Structures are given as C-alpha cells and as structure tokens.
Amino acid sequence: MNGRIRSSIVALCAIGATVGSVRGNVIFDDFENGDLSTGGAGTTNAGFIKATSGGTAAEANGYASITATSKNTTYGLASIRSFNALADAATGFTAQWFVPSLPAELGANWGTLTFTLQSGSGLFEQTNALSFAIKYQTGGSLFSVNAHKGGSTTSLVSEIEAASANPGFTLTATVREAGWAIDSADLNVHLSGAWPAGHAYADLFDGSTYIGGFINRGGVATARELRLSQVTVIGPPETTTPPVVAHYRWAMEDSAVEGGAEMALYNSIAFVPGKIGNSLQLKTTDDPIRALGYAITPDIALDPSGNYTLAFWMHPGAYSESNACVVSKRDSLDQFQLVLGADTGSRRLSATVWDATGTQSATVTASATLPMNRWSHVALRVDNAGGTLKIFINGVESDGTSLAFDPATATDALVFGRFPSDVGQGGLPVYFRSYNGGYDDVRLYAGAALEPSAIHALASEDPEPDHNWRFDDDAK
C-alpha cells in the first residue's frame, strides 16, 4: 500500500463533516490536574495507568509521560476507563493522540513509539488491538499498522517512510465497521484499509477497549520519554437524514407508486418483480438494443443550498448504440443527468451537474462498468457545502471530482430513460440513445448531501418483501 495515497473505503467519514452533531467524548484527558490516575475536571476519563511493569509514569506541566528506563524494553500508558466499541461507539469512533515533543534520538537499532486501541490495559501485543508504530533512527522514520489478536500479529501496512515531525505531532485514527483510516499531516501519513479476515471491527473491539501509548528506546544508552498532551476518543457523528423530496417505489400487484406522486408513463413500459417489490421496466421493441419507453415525474423542487443526493437501483438490459440517458433533470437548462456509456464506448455510468446559467459543469465517471441484467445501486452525491461531486456504485465511492460552482436547483421534473431534448420524439437516433433497463426504489434527498454511510446502508438493504410469491418448476 502506498503511504501517500488514501484508498476509498466507504463509511470512513471524517468527524465534523456530517449533518447533525457529534456525540460526546467517549474518553478524554488533557492531563491538566497533575494526577495521572484521575481525569481532569469535567472529563469522561478516570485517568491513566502504567500498562507495563517498570518504567516511570507521571503527569505534570500539562502532559502525561512514560519513561523507558531500560534498553530494548517496551513501556506504556493505558486509560483506566475503557469503552465498549459495540455499545458506546456502535458504528465506529475516532481516536487522537497529541504528542507535544519527540524523544531525543531513540537509538541506532530503531527505537519505537506505538499508539494503540486495545482490549486490555496491559501490553498491547497480548490483547486484541489495532496499533500504529513509528520506528525512529538517525536520518528517518518508518510507519506501520498492525492488528493483534490472540497473541498473533497481522500486518495491515508494512513499514513506509514517514516524515520526522518536529517538535511533535497529532495522530488520528478513524475506526468503522467497514475499515480503518489513519492520518497525520505532521508525519505525512494518510492510510486506510478494510479489515482482513479474522480481524473485523467486532473481533478487535468486542468489549472493553482501552487507548494507550508505548515507547521502546531501542539500544540507546540513556532513558527516553514519551509525552502525551491529550488523548481523545470520540463517538460517531449523530447524523440527520436530509428530507426525501421524491421517492418512487412500486407495489407488487400493479404500477401504483408508493411514496410519491404518479409518474407519467410513455410508450412501452412494464412492471416486473424488482429489487424491492415491483420495478419500473422500460421495455424494448423486438430489437433488444433500442428502448422505447420513458417516464416523467411531476415537478420537484431542490433545496436552494445545492446539496442533494439521487439514489436508486438500476437494472441495465443492454448497452445502447449511443450514450443513453438513465435519468435527468432540467428546466429551460440542464441541471443534472446520469448517462450510461455506449456499447462501443466506455460502458460506464457518468454524471454531470450544471450551474443555474448552464455555462459551468462538472462531470464524474464511475471507475468500473455496470453488469448487465443485474441490479446495481447507484447514488449521485452533490455536496455543494463540501465542494464535491461523487458517484457511488453499490454503496462504494466509485469516483469524485471538485465542484467549484453552485449547482442549479430550479423546480422541474425528473425524466427517466431519455435525454430531455428527446422527450416526445421518435426515430432511430432517439432510440439509439434511450436507456434499456429497469429502476427501483428511486429516492431524491435535498437540503444536505446524504452521508456515505447512509448510501452504503441503502445499497446494503435486504428488505422484507411486501408479499411472498412462488414460481412453478419451469419458471426462470
């Protein structure tokens, strides 16, 4: 894994970037009261203790410290208070270590600082833990990430070069059910990854979890000290789902819309079993490539903030001979559209958003092709507040780009299956660029961009069916 590149892991969202408020600190200590074993006034932590035998631990002058008194031996501090990641931080948490200054040279044979989230208050290697190690030697440092379980260690990131921060650094770990991320601008470390087999979130943080810091001075002859000026564990954000301004879902028995005003349906339309109940299917002529049907909603208003998310299931039946419009919105000018690449082209889904004047636009294209004749969940996330445009496939961010203008938000209809300029038109050129496929559970959120974790949840839904049905033995 490249230490300079962050992988796209769904649900590893930064604290403070969500709709709603951040939950209170799960653990916090700023080491201001001079007593290592008790937290400061108003803190949620009961203090820190030595996590290993030997060494010297203290709290003074606004920091806690642990001194390595012997060579090639690990010494550390751990929080007295634990937290239950599956209860106190059920869907994830963020931990931070603030190191005000680095120890002097840690030795010719690599001295190490290690920061941990662990299931016990003792030596981290003997517990279920996630650890971040910084190995120092004259001329540089190496950074690694490891998972520990049952006395065995699994490398998540092998040693990569890190900046030699001076005088100190801040280290932030974001831990979610989907994976982990670690950031430090001071160390020039930006890493993330999924949990390997046997080291899932629930495996590593299945009960009491402590936060700690450790030092091994290597072979240097004199004592060395790790200082912490603050340690914090923050629970996940309390997110608020933005309002749904349009929701299209079809009942099992007929074409009736659930949760939204009726669409106007044109030409060849069918309603067939879909991902959730029935689905809207744009039928084709005898030619399997050329779709005829399309659908138009009543006018829909977007929030003037320019923040919105369109999410739906789609079931492409075939690639068209030209780029095909899956869904679009426009008044006299285009607002946004999702287009499926032609059979002879990219075969990928792309999204374009325009400003109110139609002179500025931003386009993002998914990094992979969509499978034919299978349901895929798609989300267009327009985050005007954050300045980003992103496309998600099956709950995972597929690609994104910057958004340097205010998106158009005029009131008008959604058009499914055709470019707005083709509405009411016929002939082969129109059919060549019409979408051939199905839709289900179409949702348009406005007022705020839907959080990636919420998009992932929509894509992971396995709802109970409205009705049960069965097929005879010959049914396909």
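Three strands, in the order β4-β5-β17, make up an open sheet with antiparallel pairing. Here strands are DSSP runs of E with at least two residues, numbered from the N terminus, and two strands pair if DSSP finds at least two bridges between them. β4 (56-60) and β17 (224-228) stand at the edges with a single partner strand each, so one side of each is left without a neighbour in the sheet. From one strand to the next, the twist averages 20 degrees; such angles run from 0 to 180 degrees between N-to-C directions, with axes as lines fitted to C-alpha atoms.

This is a predicted model, where local features need pLDDT of at least 70, side-chain atom pairs count only at pLDDT 80 or more, and totals for chains, interfaces and linings use all residues. Residues are numbered from 1 along each chain as its sequence is written, and side-chain values use heavy atoms, leaving out hydrogens and water.

Now for another open sheet: seven strands in the order β22-β25-β34-β27-β28-β29-β30, with antiparallel pairing. Its edges are β22 (264-266) and β30 (361-369), each with a single partner strand, so one side of each has no neighbour in the sheet. The twist averages 10 degrees from one strand to the next.

| Strand pair | Bridges | Residues standing opposite |
|---|---|---|
| β5 (residues 63-68) and β17 | five bridges | T67 and E225 |
| β25 (residues 294-296) and β34 (residues 414-416) | two bridges | A295 and F416 |

Finally, let's visit a loop. E105 lies between β8 (92-99) and β9 (111-118). E105 and Q137 are 32 residues apart in sequence and 7.1 Å apart in space, C-alpha to C-alpha.

Notes. Helices (H or I, at least four residues) and strands (E, at least two) are DSSP runs, numbered from the N terminus.
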